[in-house]
Structures are given as C-alpha cells and as structure tokens.
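Please keep the sequence and the structure in view while reading.

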Amino acid sequence: MESPSRGGVFSEGTDSRVEQFAESISFDRRLYRHDIRGSKAHAQMLASEGLISNDEAEQICTALDEIEKQLDADELPLRIELEDIHMHIEQALIERLGDVGRKLHTGRSRNDQVSTDFRMWVRDALDDIDRLLLELQQAFLSRCDADADVILPAYTHLQRAQPVLAPHYWLAYIEKFERDRQRIKDCRKRVNQCSLGVAAVAGTSIAIDRNATAKSLDFEGMTANSLDTSSDRDFVLESAFVLGVIATHLSGWAEEWILWSTVEFGFIKSPHAFCTGSSIMPQKVNPDVLELTRGKSARVLGNLQTLMVLVKGLPLAYNRDLQEDKPPLFDSFDTIQACLQLAAPLVAGAELQRERISASIEEGYLDATSLMEFMIRKGMPQRRAHHLVGAIVGEAMRRRVTLSDLPLEVMQEHAPELDASVREVLGSKQAVEAFVSEGSTSPKRVAQQVAIWKERLS
Ligand code: ARG
C-alpha cells in the first residue's frame with residue numbers, strides 16, 4: 001500500500017520491525033473523535049478560503065462522519081504500517097474519495113494535527129476531572145452537618161495536637177480539591193490555544209485562516225510562533241503536574257483514612273462495599289480502595305517525571321520523541337479518574353466511629369494550648385504561660401489524669417494566678433468552643449465555612 005508519508009525519496013519499504021517499534025496507533029486511537037473534529041474544521045476552512053471547493057469539503061466531512069461511525073463500532077481495521085490514528089483516518093478518507101481525500105492535508109502537517117488533537121482531548125479530560133473533583137467536594141460537604149458535633153484530634157507530627165470539629169477536617173479536603181480545580185482552570189487556558197496551521201515547523205505558504213479553525217474548534221486563541229508550537233508540550237507537562245498534585249492529595253487522604261480505619265485509631269469505617277476480606281484471616285476487613293488510591297498515586301507522579309525527562313533535551317522543534325507523551329498522560333488521567341470515581345461514594349458512605357472517638361478524645365492533652373492561651377488572655381506573657389502549662393501537663397501525666405481532672409490547687413502550685421474560671425477552656429469541647437480566629441475550628445467559624453461552601457458547590 002502507498003504510505004501517505006513515504007514519497008519517491010525512499011528506495012525501499014519500511015522494515016516491519018521498525019513499523020512495530022514506531023507505531024502509536026495502539027495508544028493514540030483514542031484521539032479519533034478529536035482528530036475527525038479537527039479535520040472537518042480544517043476542510044471547511046480550506047473551502048472558505050477557496051483552497052478546495054465547497055462540494056469537496058462536504059464530501060470530506062460526510063466521509064469523515066462515516067469513518068467516525070466505523071471507529072465507534074470498532075470496525076476500522078488497524079494496520080500497523082499506517083502508524084497512527086491520523087494516517088488511518090486519512091487513508092480511509094482517500095480510499096473513499098480518491099483525490100478529494102488527498103486534498104485534506106493541504107496546509108497541515110501531522111505535527112500540528114497531533115498537537116491540536118491532543119489539546120482538544122486534554123481539554124475535555126480536564127473538564128471531566130474537574131467535574132469529578134466537584135463531586136468529591138460535595139461528598140465531603142454532605143458529611144458536615146451530620147458530623148457537626150464530633151470532635152477529632154488534630155495531629156502534628158502524627159502526635160495529638162489540638163481538638164477540631166470533624167467538619168473542619170472535611171473542609172480541609174474541600175479546600176485542597178478546590179485548589180486543584182483552580183489549577184485545572186488555569187492550566188486549561190494554555191491547553192486551549194490552537195496549534196493547527198503551524199504545519200510542520202515554519203508555517204505554510206498556503207493562505208489558510210488559522211483564526212477560523214481555532215474558532216470553530218472552540219479554542220480561546222491560537223499559538224503565535226510555529227517553531228515554538230511545533231515543539232511545545234508545556235500543556236502536557238502542566239496537565240501531568242496538576243494531576244500529580246491531585247494524586248498527592250488523594251494519597252494523603254487515603255493514608256489518613258487507612259490509619260483511621262485501624263483498631264489503634266478506630267475513627268472511621270469504610271462502607272463494606274469498598275473493602276475486601278482475607279482468604280485466610282476470617283476477621284479481616286481491609287481498606288483496599290484507600291490503599292490502591294495511595295498506591296496508584298505512584299504512577300501519576302512517575303508519569304510526571306517521565307514527561308519532564310522526555311522533553312528536557314529536545315532542540316527545536318518537532319522531534320519524534322514527542323510521540324511518547326501520550327501513554328503517560330493518558331495513564332495519569334485514567335488513574336485519577338478511576339480514583340475520583342470511587343473516592344466520592346467512599347467519602348459519602350464512610351461512618352465515623354463516634355463512641356471510639358469520644359472514648360479517647362480526652363487523651364493526649366489536646367486542651368493544653370487552650371489553657372496556655374487562657375493564661376495569655378489573662379495577661380501572662382506567652383513564654384511564661386507556655387512554660388507553666390508544660391509543668392502542669394507534666395504533673396497531670398504523672399498522676400495519669402486529664403487537665404480537667406487535675407485539682408485547681410495543684411494547678412495553682414505552678415500558676416498561682418489561676419482561679420476556677422480556668423475550667424471554661426478545659427476539655428476538648430470547651431477548647432474547641434474557645435477558638436475565635438478566622439480559619440479556626442470554632443463551631444461558629446466552621447458553620448460559616450460550611451454555609452459558604454454549600455453556596456459555592458450548589
Ligand atoms: N505518530 C506520531 C505522533 O503521534 C506522528 C508523528 C508526526 N510527525 C512526524 N514527523 N513523523 O506523534
């Protein structure tokens with residue numbers, strides 16, 4: 001068969017081992033809808049500019065629609081010698097239309113075609129991830145009212161630190177995923193620039209209208225420099241990074257809930273539909289979905305590394321290395337999509353182990369900082385208050401009691417200025433209620449934030 005990209009300059013056919021080595025059809029087939037959309041826009045532009053006739057453009061568009069249906073039905077035979085999805089579609093067009101089909105590639109190269117298709121694909125995939133992130137945010141938000149009265153320990157260094165309301169935790173994740181959505185939005189602007197018409201590397205001497213194709217493909221604008229565009233994969237790197245940050249957020253959350261699912265913590269139970277058992281230990285209920293979410297983040301971060309290294313040494317402009325950009329980015333999108341699809345129902349369906357949580361919430365002196373701040377509010381310098389509360393906590397530890405259960409006289413031995421009003425801030429519940437600052441876990445602040453997010457996410 002005549003290969004669309006091998007002209008008379010070649011003295012022999014391609015070695016079949018090279019065809020195997022160089023093909024991308026095995027992974028770029030999934031660009032076909034975007035490729036066909038791009039080709040139709042290109043054909044219509046060629047007709048508007050008088051470079052082909054309206055009738056020819058119509059024939060091309062009709063044939064491309066038929067080829068798309070064939071691909072939908074998985075009925076277009078894949079031939080490795082055609083290398084990629086772009087040549088498969090063009091060849092199918094030529095087989096249908098002969099010379100009319102041979103006109104489609106006027107003023108275009110596969111270099112700009114690949115980049116345009118991929119930008120359109122990435123744009124759609126980012127929108128899909130954004131929607132899934134919203135669903136995850138909504139899942140966290142949906143817990144806030146029901147969990148409003150639950151107090152959990154906040155940790156630093158994984159040591160018990162201060163008491164916080166459970167919704168404060170849920171809002172923390174809503175914020176993280178919101179930043180991810182903002183990053184998607186920002187990254188999408190640069191993805192959404194049309195590269196079609198820069199042709200191979202220098203532009204074209206054919207009077208095409210790049211603005212027209214950019215517009216009809218819903219791009220926000222078009223790229224400015226053909227040499228830059230032909231080499232540019234920043235949009236791939238940025239997307240891989242955005243997905244990498246989402247992966248770290250998901251992985252951190254998964255790790256936390258895996259810990260919380262242990263007997264040692266005993267804070268949360270995943271829905272049984274999201275757990276697996278053991279083939280030998282009958283009692284086991286394992287949080288596999290969370291573990292795999294944590295585990296799969298490794299590939300997403302690995303993909304980012306792969307892509308950065310892929311492009312780091314490339315001189316301008318197009319280099320065939322760039323064909324290798326698709327598998328890692330596809331994998332990152334697929335992986336994050338799969339994780340998010342399970343994360344939202346898991347979050348919505350998990351159950352806090354209220355009794356276990358409250359049974360241990362007075363352990364770990366979560367109210368020590370509140371006691372210190374109480375003394376500061378009474379006029380004591382912070383360093384002195386910190387020192388005295390340290391001594392009081394040490395005394396309570398020796399007696400194996402909570403601060404609430406430590407007799408006032410014992411506290412007064414360390415800090416004579418203390419009176420009975422100190423009880424107002426002791427114990428996790430009172431400590432939580434004593435917070436006032438913006439962004440803190442006070443019930444009022446948390447309720448305000450929940451109300452804001454209900455508004456934003458509705
Ligand atoms: N299959 C290749 C890809 O996906 C197309 C390469 C087009 N350019 C070239 N000069 N061979 O990147």
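The axis of a helix is here a line fitted to its C-alpha atoms over the stretch in contact, and the angle between two helices runs from 0 to 180 degrees between their N-to-C directions. With that in mind, helix 7 (residues 110-144) and helix 13 (residues 326-349) pack at an angle of about 20 degrees, and their axes lie 8 Å apart. The model is a predicted one, and the points below are grouped by topic.

**How pairs of helices pack**

- Angles under 35 degrees count as roughly parallel, and helix 7 and helix 13 are therefore roughly parallel to each other.
- The crossing that helix 7 makes with helix 13 is left-handed.
- Helix 11 (residues 234-260) and helix 12 have axes that come within 8 Å of each other and that cross at roughly 155 degrees.
- Angles over 145 degrees count as roughly antiparallel, and helix 11 and helix 12 are therefore roughly antiparallel to each other.
- Where helix 11 passes helix 12, the crossing is left-handed, and the contact of helix 11 with helix 12 has 17 nonpolar, six polar and three charged residues.
- Helix 4 (residues 54-72) packs against helix 5 (residues 85-97) at an angle of about 120 degrees, with 10 Å between their axes.
- That angle makes helix 4 oblique to helix 5, and the crossing of helix 4 and helix 5 is right-handed.

**Two loops with backbone details**

- In the loop between helix 4 and helix 5 sits Asp74, whose phi is near 60 degrees, a positive value in a residue other than glycine.
- Ala317 lies in the loop between helix 12 (288-312) and helix 13, and the peptide bond leading from Leu316 to Ala317 is cis, with omega near 5 degrees.

**The surroundings of the ligand**

- Which residues surround the ligand? They are Ser24, Asp28, Glu83, Asp84, Arg110, Asn111, Val114, Tyr318, Arg320, Leu322 and Gln323.
- By class, the shell around the ligand divides into five charged, three polar and three nonpolar residues.
- Helix 7, which also packs with helix 13, gives the most to the shell around the ligand, with three residues.
- Domain 1 (16-106) and domain 2 (111-151 + 166-359) each supply at least three residues to the shell around the ligand.

**Regions annotated in UniProt**

- An unreviewed UniProt entry lists "domain: Fumarate lyase N-terminal" at residues 10-302.

Note on methods. Residues are numbered from 1 along each chain as its sequence is written. This is a predicted model: local features need pLDDT of at least 70, side-chain atom pairs count only at pLDDT 80 or more; totals for chains, interfaces and linings use all residues. A residue is near a molecule or strand if its C-beta atom, placed from the backbone, lies within 6 Å of it. Helices (H or I, at least four residues) and strands (E, at least two) are DSSP runs, numbered from the N terminus. Ala, Val, Leu, Ile, Met, Phe, Trp, Tyr, Cys and Pro count as nonpolar, Asp, Glu, Lys and Arg as charged, and the others, Gly among them, as polar. Domain bounds come from an automatic or database domain assignment. Angles under 35 degrees count as roughly parallel, over 145 as roughly antiparallel, 65 to 115 as roughly perpendicular and the rest as oblique. A crossing is left-handed if the near helix is turned anticlockwise from the far one by less than a right angle, and right-handed if clockwise. UniProt positions are given in the numbering used here, feature names are shortened, and annotations may be inferred rather than shown by experiment.
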